[in-house]
Amino acid sequence: MPEPRESEKAITKRAEDYGRWYTDVIAAAELADHSPVRGCMVIRPHGYAIWEAIQRALDRMIKKTGHQNAYFPLFIPESFLKKEAQHVEGFAPHCAVVTHGGGQKLEEALYVRPTSETIMYTMFAKWIQSWRDLPLLINQWANVVRWELRTRLFLRTCEFLWQEGHTAHATAEEADAEARKMCGVYRTFAEEFMALPVVSGSKSEAERFAGAETTYCIEGLMQDGKALQAGTSHFLGQNFAKAFDVKFQTQDGQLAHVWQTSWGVSTRLVGALIMAHSDDTGLVLPPKLAPIPVAIVPIWKGDEERKATLGAANDLAGKLEGAGVENVKVDDREGLRPGAKYFDWERRGVPLRVEIGPKDLAKSQVMLVRRDTGAKSPAPAAEGPARVRALLDEIQKGLFDRAKSHRDAHTFSTDRYDDFKKRIEEAPGFYALRWCGSGKCEAEIKEETQATLRVIPFDSKPDPGPCVKCGANAPGKRAYFARAY
RNA sequence: CGGGGUGUAGCGCAGUCUGGCAGCGCGCUUGGUUUGGGACCAAGAGAGCGCGGGUUCGAAUCCCGCCACCCCGACCA
């Protein structure tokens with residue numbers, strides 16, 4: 001690809017400064033902007049359209065697994081938040097609190113929700129009486145607020161959008177299975193829609209959600225070798241049920257607390273998408289989540305050619321819509337030369353560009369250009385719609401494969417601590433290490449290497465041996481450590 | 001919250017040391033010619049220099065205070 005013009009702000013090269021590159025890509029693709037309120041972002045139309053695509057696909061999956069959407073209040077009475085000890089300890093310091101309303105000081109302060117366990121389970125307690133009311137499977141799409149000190153667009157902002165699922169079950173086994181199931185749903189979503197390979201598994205005690213018994217997660221690896229938690233799912237045990245008195249009568253007439261789960265993904269996924277696939281030219285989006293999967297650029301000289309190529313472009317767009325490819329964009333802008341249009345769509349991450357010029361019309365063909373590889377190939381006009389569909393599938397798969405080889409190439413294993421310490425500097429990525437399970441070793445590793453325990457993968461076998469840090473027996477699976485966002 | 005940096009037109013910057021009435025490129029507007037990888041010509045619009053004080057005949061430039069944002073570390077989806 002050609003060098004950007006000097007006069008225009010260039011996108012910083014990834015190799016030069018990955019953080020700045022990330023910011024530049026977001027600006028160039030007009031995904032989001034910093035708001036006047038510190039730590040908060042404005043999601044611009046193109047960025048929001050990506051979130052909507054994520055929502056559309058994920059909402060369908062959540063409903064297919066039996067959950068229903070509902071909506072709970074933004075405000076949570078202070079006393080609710082304080083009912084579960086671990087939970088309040090984890091969240092209270094990061095909350096925004098409303099103390100006044102209607103010009104008067106409130107009797108009880110209202111917390112702006114950092115997550116909705118407490119308000120939801122207060123209601124669950126009212127709704128659940130019998131085992132027949134279980135399982136209760138609720139999801140909500142909402143905004144939440146956490147008073148973060150250091151923020152980055154999409155990855156960490158004080159307010160963010162997310163989906164939070166909350167369920168109640170009759171048995172621990174069922175609830176744990178639910179938490180695992182939803183982690184699996186996230187994994188499928190990440191891999192099939194985002195083209196992002198992830199490692200799924202459980203978190204360590206130190207990394208788990210405040211108030212949970214177990215936290216499961218999916219972890220992706222970004223192009224710079226840093227890990228990103230892309231989704232979490234928690235088995236809450238009866239911790240909240242006891243705090244909020246969520247009880248039901250069993251089939252044999254006993255009174256029992258429910259077993260619960262909660263799980264969520266957020267607008268952080270948009271950040272993951274950006275960092276997983278984009279390049280030095282700008283945004284690269286997987287076709288399944290691209291607001292505009294195909295942009296058709298007619299090329300003309302004079303009115304006659306304009307009419308002919310624009311006509312062919314509109315014709316193809318119509319056929320694509322008919323073939324199930326929605327939101328195809330015909331770039332009929334006057335006053336912009338074709339090259340300028342190419343750059344424009346490339347920056348915005350449109351997966352496939354179709355060029356139709358007089359030469360193509362003469363040969364009854366269209367020119368197809370992939371965003372991910374830059375490969376340009378002609379296709380007979382009659383086969384245009386079919387070729388476009390096939391190429392979009394190829395791009396979706398190609399992005400996943402590329403991300404997966406990158407992930408695999410940056411997943412290492414070592415048994416020597418000094419080796420790990422050295423290599424995490426030179427080659428960031430996942431490091432599969434034997435770990436004795438102690439929080440002390442985990443904390444020391446973090447202190448000394450800035451790497452945290454990201455995940456203990458589901459699909460790996462126990463590999464007993466000495467703990468990489470203390471040498472004590474590590475009987476279980478290897479844990480994946482990485483530096484993370 | 002600690003360390004570093006930056007605030008001048010929508011964006012990127014120059015001007016600040018050595019005070020003298022704000023400039024360049026891109027973008028934008030209008031008209032025309034263009035259109036197979038960021039078009040060209042012409043004419044325009046647009047900021048009073050992050051905010052508040054001060055010093056001075058005069059402050060974007062000097063002094064004091066504050067704020068915001070960015071980057072790097074401690075906490076989190």
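**Figure 1. Lining of the largest pocket in the predicted model.** The lining of the largest pocket comprises 14 nonpolar, 16 polar and 12 charged residues; Ala, Val, Leu, Ile, Met, Phe, Trp, Tyr, Cys and Pro count as nonpolar, Asp, Glu, Lys and Arg as charged, and the others, Gly among them, as polar. A pocket is an open set of points on a 1 Å grid over the protein atoms alone, where a 1.4 Å probe fits, with protein on both sides within 12 Å along at least five of seven lines, and lining residues have an atom within 4 Å of a point. The volume of the largest pocket is about 1300 Å³, a volume being the space filled by probe spheres set on the points, with grid points joined across faces, edges and corners. Among the 42 lining residues, Arg146, Glu148, Arg156, Gln229 and Arg268 are the closest to the pocket centre. At least two lining residues come from each of helix H4 (85–91) and strands S8 (159–169), S11 (227–237), S14 (259–266) and S22 (452–457). Helices (H or I, at least four residues) and strands (E, at least two) are DSSP runs, numbered from the N terminus.

**Figure 2. Domains of chain A.** The assignment gives domain 1 (18–277), domain 2 (292–393) and domain 3 (412–482), with bounds from an automatic or database domain assignment. Domain 1 and domain 3 each contribute at least three residues to the lining of the largest pocket. The centres of domain 1 and domain 2, taken over C-alpha atoms, are separated by 40 Å.

**Figure 3. The largest cavity.** A cavity is a set of grid points where the 1.4 Å probe fits but cannot get out; one cavity of 30 Å³ or more is counted. The largest cavity has a volume of about 60 Å³. Its lining consists of Trp345, Glu346, Val350, Arg353, Val369, Arg370 and Arg371. Helix H10 (338–347) and strand S18 (365–370) are the elements that give two or more residues to this lining. By class, the lining holds three nonpolar, no polar and four charged residues.

Figure 4. Lysine 63 pairs with aspartate 59 in a salt bridge whose closest N and O atoms are 2.6 Å apart; the criterion is a side-chain nitrogen of Lys or Arg within 4 Å of a carboxyl oxygen of Asp or Glu. Because lysine 63 and aspartate 59 are four residues apart in helix H2 (residues 45–64), about one helical turn separates them. The whole structure contains 38 salt bridges.

**Figure 5. Backbone features in two loops.** Leucine 134 and proline 135 are joined by a cis peptide bond, with omega about -10°. Proline 135 lies in the loop between helix H5 (117–127) and strand S7 (136–145). Asparagine 327, a residue other than glycine, has a positive phi near 60°, and is found in the loop between helix H9 (302–322) and strand S16 (329–330).

**Notes.** Residues are numbered from 1 along each chain as its sequence is written, and chains are lettered from A and ligands numbered from 1 in the order in which they are written.

How values were computed. This is a predicted model: local features need pLDDT of at least 70, side-chain atom pairs count only at pLDDT 80 or more; totals for chains, interfaces and linings use all residues. Side-chain values use heavy atoms; hydrogens and water are left out.
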